Amino acid sequence: MSRRAELVESSSRNGNSGGQSLVEDLGIQRSICGYCKSTTRPSIAHGFLAYSLRIDDYQDLLDRGWRRSGKLLYKPEMERTCCPSYTIRLKVDAFVPTKEKKRVQRRIQRYLDGTYDGSRTVGNIQKEDNINSIRSSSSMENMFATIEVPETSASGKASCNTGNSKTVEVDGTAEIISSKIDDAVKVCVEIGKSPADINFPRAAVKKVTADMKKKLKGVCRDLEYTSSISFQIAAIVKRKLVIENTKSACDILLEVEGHKETSLDVSPIVIAEKLASKLEMYEGLFGLHVKACNGHLNFMSLNGPENSVQNFHGEAFPVKERDILSSRKTGGDCKRDKAFDNNTKCQHHEKHKLEIRMKRSVFDREEFALYKKYQVRVHNDKPEEVHKSDYIRFLVESPLIFVPPGNDNLTPSCGFGSFHQQYLIDGKLVAVGVVDILPRCLSSKYMFWDPDLAFLSLGKYSALEEIKWVQEAQKHCPTLQYYYLGYYIHSCPKMRYKAAYHPSELLCPVRYQWIPFQVAKPVLDKTAYTCLSDFCGDAKPLLNPAGEMHDSTGLDDQEMENDLEFRDGDFVEFKSSGSIDDSMDVEYGTETPAGDFDTDDISGVLIQLNNLRFRYKDLKAFRFMDSLAGDLRKYVKIVGPELSERIAYHLG
């Protein structure tokens, strides 16, 4: 048999058939880091161009620290790059959502139910998130701040003797609520474009004590605070109308979704309803549910079972028809009840329908239009800089070989491969999550959404939905257990939000073992790069007194609000194979490989040459293979011996 025939036969034996993985080595390259923007120390990574990739091969590459951007595979050179990037994943069965995550779910549900109009802008959200969240138990009795104030004389004037001072307790929660009511009044005035000719009083907020609840029958047991500011506003507006015969100020407070009463009939009930609708956006801030009841603004504990709140899975709890503040009803009270019912209907906006669907990764004009809008509005790109070709190369093209669903309970209903998870509200595309579905995980790659709906925090919501998808798919495909969030960079504060998805694990860059984040965090606080598995030990996640996970990332809500801007950061630009930076002097023997394998043994490396596949041992007799031995040893080093025998190394 001729040597040519022997090689062809060898190629057939070694898997020269369709559906096999094939990569071209692009070598080492350095570039300006997209995270730290350092000009002195570059970002360094090794890259492959993947022509085709089996899903099990890519799963194993992920578990060795690789990621993909389109058809480009890349892995940071952890010891040398400016920002060491650790692969991070979450075991979905153990996922513990934080209060902030639950709040996102409730916000979306209120929007869909028509009880939240979503009138906030990105700036409003960031302003709200800047305020420290004040949370406590359902009794709210520990929320007090102590301040020093001058002692007052019998006449009520402050004493000039600053030495005579006394300590008084000020309810911090009541102060926050009062401030937010004042803000809501200002918003109502601004919307009505009324001249600022009325000075409304500052809202007084009273804590409803246990003794008050006993005296007043019919009061909801979860009622914590109340304010009668609506009656004061109504009286001032009526007085203004009588004196100046004007209705501009009245119109401001009576315009409730197109409903108006007569100008001289200024109802505290209507005013309270209008203010309550504006205060809904702050429910998560001070941990209370606001309701307008017969002209009063009542604030009830979110922990109460009788409040209309949503749990993490969107299930609604029952709610009383109404909570009243007065203990008796007169004829006027009955009229107010009717007005309350009518105005409550007016407060509900149109309901919305959310549809989430998984589709194969193909170019879609509507998706590209949304992507361009997102890049321009969120990332401040110029419209002419957002190209269709770049979008396709980055987010549409994929080397993953699609595996259709089967009846063997080994594949999810959509199959394995690259997908776009679309989010549609009332039939309109509002968000797209680019994901890879693999044998053991859903790998989140990129997310873009409609900037007009920034107030819904669609980035966080989509992450929760992707986790939920894995949880559901696991019922039919037991091997699906993890949610991969890409790279975690401890030295980049805005990337740390990923660790807020508890309990997460980081991949050791040396032994490729998964290390609990709680173990890795104190180590990474001291050094950006290390062998994490050296510090592996028994570690229990930190719990707060309520039994919920602490957000140990050190980020506030404002920083976490920008999660999607960095969820899409796993992207490295590589030049063509002919432009590799050969000046990079990389020593491949400095790290300990995962397992005790000999990188000098390259006999089993799979090679594709002229559309035929061979093992290195079948080609090493040829002289041209001598110069490739060094490159193949590096190849075995970075992908491991098993993958080097499954993924074909392209030689042309």
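Two strands pair if DSSP finds at least two bridges between them. Helices (H or I, at least four residues) and strands (E, at least two) are themselves DSSP runs, numbered from the N terminus. The model is predicted: local features need pLDDT of at least 70, side-chain atom pairs count only at pLDDT 80 or more, and totals for chains, interfaces and linings use all residues. Residues are numbered from 1 along each chain as its sequence is written, and side-chain values use heavy atoms, with hydrogens and water left out.

**View 1. Strand β9 and its partners, β8 and β11.**
Strand β8 covers residues 206–207 and pairs with β9 over two bridges, in the antiparallel sense. Lys 206 has Thr 226 of β9 as its bridge partner. β9 also pairs with β11 (residues 296–301), again antiparallel, over four bridges. Here Ser 227 stands opposite Leu 297 in β11. How much of β9 is buried? Five of the five residues of β9 (residues 223–227) are, so the strand is largely enclosed by the rest of the structure. Buried means under 20% relative accessible area, exposed over 50%, and partly exposed in between (1.4 Å probe, protein chains only).

**View 2. An open sheet of eight strands.**
The order is β12-β13-β14-β15-β16-β5-β17-β18, and the pairing is mixed. Which strands stand at the edges? β12 (354–360) and β18 do; each has a single partner strand, so one side of each is left without a neighbour in the sheet. Neighbouring strands of this sheet are turned by 35° against each other on average, direction ignored. Axes are lines fitted to C-alpha atoms, for helices over the stretch in contact, and angles run from 0 to 180 degrees between N-to-C directions. Strands of a sheet pair through backbone hydrogen bonds, either parallel or antiparallel.

**View 3. Strand β5 and Thr 87.**
Strand β5 (residues 86–91) is joined to β16 by five bridges, and the two run antiparallel. Arg 89 has Tyr 484 of β16 as its bridge partner. Thr 87 also belongs to β5. Is Thr 87 buried or exposed? Thr 87 is buried, with a relative accessible area of 2%. Beyond its neighbours within four places in sequence, Thr 87 is in contact with several residues, including Leu 62, Gly 65, Tyr 484, Leu 506 and Trp 514. Contact means heavy atoms within 4.5 Å. Thr 87 and Ile 489 are 402 residues apart in sequence but 8.9 Å apart in space, C-alpha to C-alpha.

**View 4. Helices α12 and α13 across the strands.**
Helix α12 (residues 365–378) lies across β12, β13 (417–425), β14 (428–437) and β15. Its angle to β15 is about 70°. Helix α13 (residues 388–396) lies across β13, β14 and β15. α13 runs at about 155° to β15.

What do the ends of α14 show? The C-alpha atoms at the ends of this helix are 22 Å apart, in agreement with the 22 Å that its 16 residues should span at 1.5 Å a residue. The expected span is 1.5 Å times one less than the number of residues. Of the 16 residues, 13 are buried, so α14 is largely enclosed by the rest of the structure. Ser 457 is buried, at a relative accessible area of 5%.

**View 5. Loops around β17.**
A cis peptide bond joins His 502 and Pro 503, with omega about -10°. Pro 503 lies in the loop between β16 (482–488) and β17 (504–507). Tyr 512 lies in the loop between β17 and β18 (514–516). Phi of Tyr 512 is near 60°, a positive value in a residue other than glycine. Tyr 512 is buried, with 15% relative accessibility.

**View 6. Nonpolar cores and cysteines.**
A nonpolar core is a set of buried Ala, Val, Leu, Ile, Met, Phe, Trp, Tyr and Cys residues joined through side-chain atoms within 4.5 Å. The largest has 73 residues; Leu 61, Leu 73, Tyr 501 and Leu 506 touch the most other members. A second, separate core of 32 residues includes Tyr 423, Ala 431, Tyr 446 and Leu 458. How many disulfides does the structure hold? It holds zero; a disulfide is a pair of cysteine sulfur atoms within 2.5 Å. The closest cysteine sulfur to that of Cys 492 is in Cys 83, 6.7 Å away and too far for a bond. Cys 492 is buried at 7% relative accessibility, and Cys 441 is buried at 0%.
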